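Hi,

Here is the structure I said I'd pass on. Have a look at it first, then read my notes below.

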Amino acid sequence: MSSSWTTRQNKVFEEALATYDKDTPDRWQKVAQAVGGGKTVDDVMKQYKELTKDVGEMDTAGLQNFQYGSSSSNTSMGGRSSYGQQRG
């Protein structure tokens with residue numbers, strides 16, 4: 001089991017999730033194979049759970065900080081979303 005994820009593995013993981021949707025037979029095996037680097041089905045399932053948790057937290061934080069009609073809601077981040085920031 002490999003617990004650390006490279007930037008490249010995360011990118012491939014996200015692409016594999018888009019390719020193999022929830023209705024794909026053997027989805028997690030295919031995602032693990034696509035990611036490579038010794039990642040197991042358990043590894044990719046744990047990564048998916050962490051991803052969905054992080055997205056939920058970002059959505060919640062975004063809604064709390066959103067000010068409808070305010071130009072600062074887009075320009076405070078230089079017009080860029082915080083979703084692209086890598087987790088530490």
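Among contacts in the protein chain between residues at least 6 apart in sequence, how many join residues at least 24 apart? The share is 49%, with contact meaning heavy atoms within 4.5 Å.

Before you go further: this is a predicted model, where local features need pLDDT of at least 70 and side-chain atom pairs count only at pLDDT 80 or more, while totals for chains, interfaces and linings use all residues. Residues are numbered from 1 along each chain as its sequence is written, and side-chain values use heavy atoms, leaving out hydrogens and water.

On confidence, pLDDT (the predictor's confidence in each residue, from 0 to 100) averages 78 over the protein chain, and 67% of the residues score at least 70.

As for the fold, the chain has four helices and zero strands (DSSP runs, numbered from the N terminus: helices are H or I with at least four residues, strands E with at least two).

Now the inside. Of the 88 residues, 19% count as buried, that is, under 20% relative accessible area with a 1.4 Å probe, protein chains only. Leaving aside neighbours within four places in sequence, Trp28 is in contact with Leu17, Val41, Val44, Met45 and Tyr48.

Cheers

Note on methods: Buried means under 20% relative accessible area, exposed over 50%, partly exposed in between (1.4 Å probe, protein chains only).
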